[in-house]
Every structure is written in structure tokens, then in C-alpha cells.
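Here is a short report on a protein model with its RNA strand. Look over the sequence and the fold first, then read on.

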Amino acid sequence: MKATNLYAPTLRESPAEAEVISHKLMLRAGLIRKAAGGVYSYLPLGWRTIRKIQQIIREEMDAAGGQEIAMPIIQPSELWKESGRWEVYGDEMMRMKDRHGREFCLGPTHEEMITALVRDEVRSYKQLPLMLYQMANKYRDEIRPRFGLMRSREFIMKDLYSFDRDEEGMNVSYQKMYDAYAKIFTRCGLEFRPVEADNGAIGGGHSHEFTVLAQSGESSIAYCGGCDYAASDEKAELKVIVEAPEDALPLEKVETPDAHTIELVKDYLQVPIEKTIKAVAFQDDDERLILAFVRGDHEVNEVKILNAVEGALHLHMAEESAIVAAGGCPGFMSPIGLKPGTVVLVDSTVMEMHNAVAGANEKDFHYKNVNPKRDFKDVIVTDLRMVKEGDPCPRCGAPLKMTRGIEAGQVFTLGTKYSQSLGATFLDENGKEKPLVMGCYGIGVGRTMAAAIEQNNDEHGIIWPRAIAPFELVVVPVNAKNGEQLSYAERVYEELKAAGVDVLLDDRTERAGVKFKDCDLIGYPLRITIGPKALEENVIEVKVRKTGEVLSFTKESYLREVRELLKKL
RNA sequence: CGGGACGUAGCGCAGUUUGGUAGCGCACCUCGCUUGGGACGAGGGGGCCGCAGGUUCAAAUCCUGUCGUCCCGACCA
């Protein structure tokens, strides 16, 4: 490819709409352009990277036994009504009607579609296991699209679905995908971490997220320095902190004027924050009140709350009226003295506290000497805490560390959730009808590109990992109007191309500085400069984008040297 | 959806407070000159000032509405 034939409009300044580095650089380097909020066009350079990522994914999916298919983006509502998700998905689903008034959606995911595809054809255990995947646009009307390709409303996803005869088979498929994902992100040149994750609304069994490490990421993960435990912040299991035993003192109600926050309470009563119990009040979609109690210095984890309360799908902060109706007092809430039937969750650590301070469900009053095991009735005890730096690892007890990242992929076991609701069954050796046991596995392709940029950039622009760079190498004649330089550069370009290097010739008649700046911005891993110096000294000069080092090779050796350099990038 | 900010040329911005009919830098076109890190000179093209109402002799500027964008919260690849 020659730059004079390449549509790669670069910008000197970032458009004001871009906030994060990957978004800014993708716009400046001419990889993408915005069409609408959370909807983007891919320009030639951006699309080359997307295709390279897709190709890596394809190779690993095929190697793991996957077969590529293509399913429609437009999906009939009937399927979603069968699975029950037509209602559940809510406003995030892009819905449409055809001229006859039939309802459709733009697929946010394809569990329903693929299960319906497979249920009519897979009849026998002999056809299993089966892994089918596709790379297609997904549509999710995000509440707030942001950060360019990191959270968009239309995005390219690779989604694979596995079908097995039993749990054991599903776990084999799951492990194959887990391993394939690790290979994919490694081949893309990314620093990542697989972490245990919550399944969320998709349902099913266990799950891992593949998180590309980056400070700008939206995900927070906890990992152990002592063993290989790693989990998303929402999922991270926490050990119960057992307080040293104390004799239980009699419950005592004390006046705490205006002390409606835990900070005020601890200061007013002069107790350490570890001796206080605080409450967070939520309501679910049915406006059912859910009260969660954690130690004063801990934070509640809403995902754990959702998992602990049967039938709850979403949470929002409770209305004061709902709290009062349950016998509670906002700012002074307590599990003691609530009306029967109120959903009360108590963190396991709280149950181990002695003589603690908690609200009294009465304005300006708290209880002292609360002993949860003695005083709390009809409460659900479970792990409700959000992990924080330094918490003990659930496996080995060493302090956990926290870091941020971008969730580029996730693998789930689904079990029979969709095969049962959609009636996808097969016959086993005994002629017995059983539901297919499923798993699903997604990679955000555009997000992977964005994550790669977040992780690999400097003040001049992108520094692509070789495997996903739009071009591996750019040949720059310093002055393309100089016939000698241009023809020399063309010869080098042809040689590299013949040697299988993915090379671009920047034959534009721009001044050298302009071209160098563009090369750095776009981030080609290697640059060969053909100028008077190179011609006089009869050397090939190679500059490494990542390190800035400049190497000179002879015409005889440079092809080999370039190949060696590329291997390392 | 709640809270905040912003819509003026392809991009970045000034002008809005105090109404008088639109400007700067970059980019773009032509000519000259220049070519190892975003040159220079001369000339030139491009804007229903987001959109719709209203106030006024007169609106980018004031008022109302609306659409869009971005940031902070609840969702997710």
C-alpha cells in the first residue's frame, strides 16, 4: 500500500468530544470517525487493525474446535419472549417494528438466536460437543456510551456458543475457550489478567473476565500477590473477619443528635469505625425494600446483594417513604425493630462483631453494645462487602492488591438456562431427552483495539504491538520529489513486500517532519527512512517506534534484521 | 434517567456579559520557494453561529422550546 492511495486523515488536535487517550488517538490517527453517539465508522487504518485482531481470534477459535457462522442482526421478538428476556432486557435493547407491526430487535447478543438455530437440528448426543461462533455487530442502547470504542452502542463482538451433553463436557469446552482467550490476548501483544467474574444478567454458572490492564479502565480487579487468585471487584470473595471475643454487654439506646452518617456517629460516640455498623437501603424493580448492613468502614457490593436476594434484577437507592414504611429511620437504620417481612441482609463480618454501634430506627438515636448474633432476628447473612486493597486473599490469606483494567472478553458457563426455556434438547445413548448444556464466550473486538492503544502509547501517539498494527513497517523517502530517493524507497518497499512484511510506502510529497509526525502518531512499529544520509552511506536506517532507537543495516542484511526485529515487537 | 458543561468553517477556539449582520490558528486550493522532526511568502475558497419559535428597527449575542455532544452516577464486550 502506498500512502498516496491511503485514506488516513490525521488531526493535529484532538476533537473536544474525546476524553480518554485511546479515543483521542483513534480520532487523531484517522482510525475511526463518529457517526452518532456511540456509533463509529472504521477508516482504512482502523479497519486493518480490526481485521488483524479478528484473524487472530478466528485462528484460535478454529484451533479450539469452533466453526464460524453468521447470524442475523435483526431478530424476531418471539425468540426473546420465549426466553423471557424481551421484558428483562429493557431499554438497552434497540427495538423496531416492520411494516406489518411485527416486533424485532437489533441483537444485543445471540443466545436466543443460536439456541433456536441448533435446537431444530441437533437431535443426538453423537452431534456433540458443538462450538459455533460469529463476528457480528451487536447493539446495546447503553445508558451512557462513552470513551469512543470502549463503550459504544454498536460494536463488533466475537461470540462463540458451546453445546455439550453434560456439565463435564461443558467444563471441557469452557477450559478450551479459556485457554484460547489467553492465547488470543497474548498474540495481540496485550498485558492482561483472567479474573473470576460475576455472571450478571446473562445467568448460568461460573465466569472469567479477561481484563487488559490499564489505569483508564472501567473495571477494577483484585489479585493476590501470594497465589494466583484474581477476581473482579464485584466477584472477589472475602474472608469473614472474626473479631476478638468480648462479653456481650446489655443493649443500650443512646442519643446521637444529628449523627446521621457513620462518620458523625463514630466521632460523637468516640468509637473506632470498626465498631460501627452502617446500612444501605435499596429497592428492586418491584419496589421491594432491601436493607444491607456492613461494618462502618466497609462498602456494600450491589452485585452480591442482587445474588443474595431471589428475584431481584436491578437495584436503586430506596425512597425515604419505603424505609419509613418498613419501620426504619433514614440515617439511623438498624436491623433491630423493623417490621416483619423486611428483607434484611447482613454481611458475615458484621455477625462476628461484639458490642458494636448501630442505628436505633429512631431519629437521633443509636444502640450501643449491639451483638448481632444475639440481637438480629430474621436476617440473611452472607458476604456483602466490596473488596478493598489489603483485604486477605480468600485462598491464601495474603493481602489482595487492586488494579484497573478494560474488560475485553468474558467466558461464561450457561448450563441449561437457554436450552430449557427454548426447548433445545437431544437424545442420549439411552434414548432419553436432555437439555443441551451451554457456554458462551465473547470478545469485544473494537474494545480490544481501544485497550491495546490505552496500554501502548506515548506523547507522540500510538505504539502498536506488531501483531495488530495497521502496517508493520513504513518506508519513508525523506523527499519524495527527489527521484533517486523515491525510486530507492520503492525498491526497498517492493523487497519488503516480497519478503512478506506488511509494509506501507509513505510516498507523499509532504515535508519529512510532517511524515515523521504522522508515522509516530499512527504508531507503525518500524520505520525505514530513505534520505540523503542513507543513500550516501549506502545503509538502510530502521527506527523502532517503541524504543526510539535507530539501527543501520547493510542492504544485504536488512531484510533478515527487520524480520528479527518484528518478531520481538 | 438524575446532576453539570457545551453546540460559531474539516479540527482547535475567540466573539455572547453590554444586540449593529462573523473572526483567529491549523487544515484545504493556486503560485513561488523549501525538504532528516508538524517551514516560509503571496493570493484564494469555505460558515442558515445546532434547529424552531419569540422579543427588537436590528439577534451568534436576549427569552422560550427542542435536538445533539461531553463529563459524573446506576449497566456491560
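In what order do the three strands of the open, antiparallel sheet run? The order is β13-β19-β18. Strands here, like helices, are DSSP runs numbered from the N terminus (E, at least two residues, for strands; H or I, at least four, for helices). Two strands pair if DSSP finds at least two bridges between them.

This is a predicted model, in which local features need pLDDT of at least 70 and side-chain atom pairs count only at pLDDT 80 or more, while totals for chains, interfaces and linings use all residues. Residues are numbered from 1 along each chain as its sequence is written, chains are lettered from A and ligands numbered from 1 in the order in which they are written, and side-chain values use heavy atoms, with hydrogens and water left out.

β18 pairs with β19 (residues 365-370) in the antiparallel sense over four bridges. A358 has Y367 in β19 as its bridge partner.

N355 lies in the loop between α10 (348-351) and β18. N355 is not a glycine, yet its phi is positive, about 50 degrees. Most residues other than glycine have a negative phi, and most peptide bonds are trans. The bond from L128 to P129 is cis, with omega near -5 degrees. P129 belongs to the loop between α5 (111-119) and β7 (130-139).

Another open sheet has five strands, ordered β16-β14-β15-β17-β20, with mixed pairing. Its edge strands, β16 (315-317) and β20 (380-382), each pair on one side only. β14 (residues 277-284) and β15 (residues 289-295) pair in the antiparallel sense over seven bridges. V280 has A292 of β15 as its bridge partner.

**The RNA surface**

How many residues surround RNA strand B? There are 51, and the closest are A16, I143, E407, D520 and E541. A residue is near the strand if one of its heavy atoms lies within 4 Å of it. Of the RNA atoms within 4 Å of the protein, 44% belong to sugar or phosphate and the rest to bases.

By class, the surface near the RNA has 17 nonpolar, 10 polar and 24 charged residues. Ala, Val, Leu, Ile, Met, Phe, Trp, Tyr, Cys and Pro count as nonpolar; Asp, Glu, Lys and Arg count as charged; the others, Gly among them, count as polar. The elements that each supply at least two residues include β1 (32-36), β8 (154-164), β21 (400-415) and α15 (512-522). α15 gives the largest share, seven residues.

| Protein atom | RNA strand B atom | Distance |
|---|---|---|
| K34 side-chain N or O | sugar or linking oxygen | 3.1 Å |
| G37 backbone N or O | phosphate oxygen | 2.8 Å |
| R151 side-chain N or O | base oxygen | 2.9 Å |

**Cavity and pocket**

On a 1 Å grid over the protein atoms alone, a cavity is a set of points where a 1.4 Å probe fits but cannot get out; a pocket is an open set with protein on both sides within 12 Å along at least five of seven lines; lining residues have an atom within 4 Å of a point. Volume is the space filled by probe spheres set on the points, which are joined across faces, edges and corners.

The structure holds one cavity of 30 Å³ or more. The largest cavity has about 60 Å³ of space. Its lining is V474, C519, D520, Y524, L526, R527, K543 and R545. α15 and β29 are the elements that give two or more residues to that lining. Four of the lining residues are nonpolar, none polar and four charged.

The second largest pocket holds about 310 Å³. Residues lining the pocket include T10, R28, H460, K517 and D520. α15 gives the most to this lining, with six residues. The classes are three nonpolar, three polar and six charged.

Methods:
Polar contact = N/O pair within 3.5 Å; in protein donor to acceptor, adjacent residues only side chain to side chain.
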